[in-house]
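Here are some exercises to work through with the model open beside you. Try each task before you read its solution.

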Amino acid sequence: DRLRSRGLGDVYKRQVTYDPDDTTDSKDVQWSTSPDSSEYLTVTPQGENDASATVEAKKASPTPITVTATVNGKSASCNITINDPEPEIKVESITISGNQDLKVGESCTLSATVNYSSGSGTNPVTWSASPSGIVTLDGAKVTAQSAGPVTITATSTEDPRITKDCTINVTEPVPVEKPVESVTIPSTLSLTVGQESTLAPAITP
């Protein structure tokens, strides 16, 4: 059997079976372990005749530890190997890229990289914006609606305690200057006494 030591220790139960099951001999079980094994595990007899024992892993063992059950001079052994747990990979931070200032009507698409205690990846995040009304969000796509600063937040779906903010400033588009190229009015106009006419210049563009 193989055990992994985790936290306060994995707990594993061993049960003795008798052959024959209806033996008239004493069924009392004596449990023993390899010498100097107490540092690595504990064995706690349980139940009637101590017929089972709970084995708790405490520390990784350099070699297998033998747990032996003995009944009336007959014995059976179990070799247990205790390994260190694999390191827990945790979300540590989020990095946002692709953010830029926008003008009303423009869009940009953000990208979030989730950084772990070992490695990184583009794992799912949720996006939110505050205050509301300045941009709309379609996943990571940001579309500017009105002028003002807005905070975009990426939140890890694996660990919602881990977030990352970025600020986008939205401005009104700058009007494009178009100089007057020409002005025209009728070159001639004929009126009789008492008539009126309105002249309206045609401006290009």
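**Exercise 1. A charged pair**

With which residue does E39 form a salt bridge?

Before starting, note that this is a predicted model, in which local features need pLDDT of at least 70, side-chain atom pairs count only at pLDDT 80 or more, and totals for chains, interfaces and linings use all residues. Residues are numbered from 1 along each chain as its sequence is written, and side-chain values use heavy atoms, with hydrogens and water left out.

Step 1. Apply the rule: a salt bridge is a side-chain nitrogen of Lys or Arg within 4 Å of a carboxyl oxygen of Asp or Glu. The partner of E39 is K59, with the closest N and O atoms 2.4 Å apart.

Step 2. E39 sits in the loop between β3 (30-33) and β4 (41-46), and K59 in the loop between β5 (52-57) and β6 (65-71), so the pair links distant parts of the chain, 20 residues apart. Strands here are DSSP runs of E with at least two residues, numbered from the N terminus.

Step 3. Check the accessibility, where buried means under 20% relative accessible area, exposed over 50%, and partly exposed in between (1.4 Å probe, protein chains only). E39 is partly exposed at 41%, and K59 is partly exposed at 39%.

**Exercise 2. The other pair**

Which residue meets D159 in a salt bridge, and is D159 buried or exposed?

Step 1. The count of salt bridges comes to two. Beside the pair of E39 and K59, the side chains of D159 and R161 meet at 2.9 Å, N to O.

Step 2. Compare each residue with the cut-offs. D159 counts as buried because its relative accessibility is 14%. R161 is exposed, with a relative accessible area of 72%.

**Exercise 3. Strand order**

In what order do the four strands of the open sheet run?

Step 1. Begin with the pairings; two strands pair if DSSP finds at least two bridges between them. β16 and β17 pair in the antiparallel sense over eight bridges, and they form a hairpin with six residues between them.

Step 2. Locate partners across this hairpin. T151 has T167 as its bridge partner, and I152 stands opposite C166.

Step 3. Read off the order: β9-β17-β16-β13, with mixed pairing. β9 and β13 are at the edges with a single partner strand each, so one side of each has no neighbour in the sheet.

**Exercise 4. The nonpolar core**

How many residues does the largest nonpolar core have?

Step 1. Such a core is a set of buried Ala, Val, Leu, Ile, Met, Phe, Trp, Tyr and Cys residues joined through side-chain atoms within 4.5 Å. The largest has 23 residues, and those with the most contacts inside it include W127, V135 and I152.

Step 2. Trace the strands involved. Among the elements that give two or more residues to this core are β13 (125-130), β16 (148-156) and β17 (163-171).

Step 3. Look apart from this core for another, of 14 residues, among them V29, W31, V55 and A57.
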